[in-house]
Every structure is written in C-alpha cells, then in structure tokens.
Amino acid sequence: MSSRNFYKNLPVLNSFFDASTANNYRPLPGDWHIALTDIVNSTAAINKGCYKTVNILGASPIVGILNVAHRNEIPFSFAGDGAVFCIPPDLLDVARQVLADSRQIGKIEYQLDLRAAILPVSFIRKNGYDVKVARYRVSDVYSQAVFSDGGIQFAEEILKNSEADEFSISPSKETVSANFTGLECRWQEVKQQQNEVITLLVKSNASGEKSDQTYKEVLQKLRDIFGFDEVTNPIRVSELSMSTSVFKLWGEVKFRTFGRNRFQRLLYLMKAEYQIILGKLLMRLNIKTSATDWSLYKSDLSSNSDHRKFDDMLRIVLSGSSAQRRQLEAFLEQKFQESTLAYGLHISNSAMITCMVFQYHREHVHFVDGSGGGYVKASKKLKRRMERLEKEKAKM
C-alpha cells in the first residue's frame, strides 16, 4: 500500500499548544526520506545586508517541491537560512533535482553555498532517533507541519559535518529544470511602530514527558506575558506594504530568471513591477475579480504565516514590548540556569516575509523571519547555551 497520503491523512491540531504533546505526533513511514538544507556561513552574508537573499534561497527548495506535490502531501518547515521537508519514495528523484538546482542558483547568482542532503528515515532510526509529524491548523486554508523525536536535529548535524558526503546533493551541472514559480519576495519589512520583533528559539534539555512539560511551560509563559495568540503575530495588516524598489526585488529576479539573458530578466522585472502597482491598487480599493478577492489578501497573508513552528525545538517570531521581552528573558534565563532548557533570542524592529504563492486568492503561504537574520543570529546564541549545558552534563 502506498504511503504517499500519510501526511494528508493526519488529523489536524487546532491549537499550537498541542504541538508540545508527544502523543499528537505520528512516525513517518519507513520508506520516506528527509531532505534538508543549510546555507554555509549565512552569518557573514547577513552581516553584509544580504538577509533577504538568505531567506529567499533558504525557502526555494520548499517552493520547488510543492510545485510538484500538493502542499497537503509534504511536511515542511522553513528555518531562515535553510529548510526541511519530508518526501515519499516516488518523489525522491524530483527532490534531488530541486535541491541540486537550488544549490546551483545559490552558487552562481548569490555566491552562497546551500548545503543539501537527503537522508532515509530508516537511517535516522538505526541511529536511535525518529521523525514524527503532526499537522497544526494555522488558518482556514493553511495547515503547517510540526516535528518531534529528535530526527530532524540529528539530520541537521549530519548535514553540517563530513558524514553528509554519503547523503549530500551536489549542485546541478546542466540546465536548471526545477519549477520555482510562486517564490516571491515583494513585501517591505513589516516594521513595528511601538514594539520589538523577537525571534526566539527554545530547546528542551530533557526528554519524554519532561520535555513536553518544558515546552508547555514556555508556551504558557508566552501566553501569560504577551497574550501570544493573534496579538503577537508580527505580520500586522496595517503595516503591510509592497516594495517597487529594483534593489529589493533583484533577489527574486535573479532566482526566478536564472539562465536567462538580460532582456528576459528586464521583462520579468517590469512584469513584477506592474503586478505590484496593480496589486496595491486592487488591495486599496478592495476589488473583487472573478479569480481573486483582493480585500482578503493582506489579512490572509497575516493568517497564512509561519511565525510559530516546532521542529525538534520551538521557533517563534513574535511582536511585543521591550518590557515584555525582558520579562521573557528573565524566565528563560532562570530555566537555563536550572539546566531545563537552552534558548536563543534576537531583537529587531521589523519582520521579513518570503512568499510562496500558489494563487493570489487565499492559496498563499508566507515564511517569516526577524529582520537582520533573526533565526540565524538566534541560533548562534542557542548553540552556545546548548554547548554550555553539554559541558555541565559531562562534568556530572
């Protein structure tokens, strides 16, 4: 019996809080694979101001695979400078091509090395880990994958060291053939007038029920301090504005027109500029056409965003005051000192959006990161704290 519909048939969780409960997850079928990417030295690229490029390259493999398979068939997650998605055996060759093409475009157009690998779930299980998946309902039209049981983190460690040679995907040597239609980066940074944008990573230092309890405590604290639910979404409809800046659009242009001549690139840019100007007008006037209700686009964009995720750790981009953030930091630092968890936190004044557009009417998903490389910089701080906890554990 085919396992292709495994993810599609999973029950849907209606609360993000349920992502912290192990019993809500189901193991991936044994014949599936895990595909994952990571940009080498993304910190240096971000420090040069290339964080939009890092985000669009990091998101590209997800768009490529979902142009072949329906998004309700493929569990995936975006991590700022990389991504992970799970694939059934019949899509293995397609996934290899998508990763190879993303690597080639990153290398040629941006001079960035997008590491990529595909690991069998069976290999992950042989090494004592597992990949379990659940579906969380983000909005009426978007359900998001969440992951548990350590397999994703194990795969990331394999990707980042020499052991990945067995599973690594090389850049394409021939013409890029993957379809990246729908990969767009046309919105300005979503600034907060009064608040901060906080990019937060939290990793439990326990396992089993104790780990579940740790995440539940963190989520409850977030709710107590911030309200946490819709209040903390950094993608505020009132602050959404599309950009017509050629400089800001050029990252999308270079990716989507890879291998084409200058004239074709100019045509793509002109078409994008036209679509942006027209879109602004249609949204401002709340126009409804036979294909799209433009009065819904911005509210759907906010609702269909991945600002809360779980993939072997808690990943959240939220909006709050500096006083709220200090209260959160005090709580997290106390838990860290108690060796309960490790965390990384980055503060900025705006959020970044990278878009995956299937249709302009409701069928669009938006990847969120804190500006200035929120996830990447938070991960550096998380790593240092995790290393400290490992050293303390070794002394015991």
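**View 1. The whole chain, before zooming in.** Let's begin with the overall picture of this predicted model. The protein chain holds eleven helices and 16 strands. Its C-alpha trace spans about 65 × 50 × 45 Å along the principal axes. A compact globule of 396 residues would have a radius of gyration near 21 Å, and the protein chain has 20 Å, so the two agree. Of the 396 residues, 56% are buried. Among contacts with a separation of 6 or more, 78% are between residues 24 or more positions apart.

**View 2. An open sheet of four strands.** Follow the strands across this sheet and you will read the order S4-S5-S3-S6, with antiparallel pairing. At the edges are strand S4 (76–78) and strand S6 (114–120), each of which pairs on one side only. From one strand to the next, the twist averages 10°. As a reminder, strands of a sheet pair through backbone hydrogen bonds, either parallel or antiparallel.

View 3. Helix H2 (residues 51–66) lies across strand S3 (33–39), S4, S5 and S6. Relative to S4, helix H2 runs at about 165°. Helix H5 (residues 151–159) lies across S3, S5 and S6, and its direction makes an angle of about 55° to S3.

**View 4. Helices H10 and H11 side by side.** Two packed helices are described by the angle between their axes and the distance between the axes. For helix H10 (residues 322–337) and helix H11 (residues 374–395), the angle is about 25° and the axes are 11 Å apart. Angles under 35 degrees count as roughly parallel, and H10 and H11 are therefore roughly parallel to each other.

**View 5. The side of H10 that meets H11.** By class, the contact of H10 with H11 divides into two nonpolar, one polar and three charged residues.

Key
Residues numbered from 1 in each chain as written. Predicted model: local features only at pLDDT ≥ 70, side-chain atom pairs only at ≥ 80, totals over all residues. Heavy atoms only, no water. Axes fitted to C-alpha atoms, helices over the stretch in contact; angles between N-to-C directions. Helix = DSSP H or I, 4+ residues; strand = E, 2+ residues; numbered from the N terminus. Parallel < 35°, antiparallel > 145°, perpendicular 65-115°, else oblique. Nonpolar A, V, L, I, M, F, W, Y, C, P; charged D, E, K, R; others polar. Pairing = 2+ DSSP bridges. Contact = heavy atoms within 4.5 Å. Rg over C-alpha atoms; globule rule 2.2 N^0.38 Å. Buried < 20%, exposed > 50% of the residue type's maximum accessible area, 1.4 Å probe, protein only.
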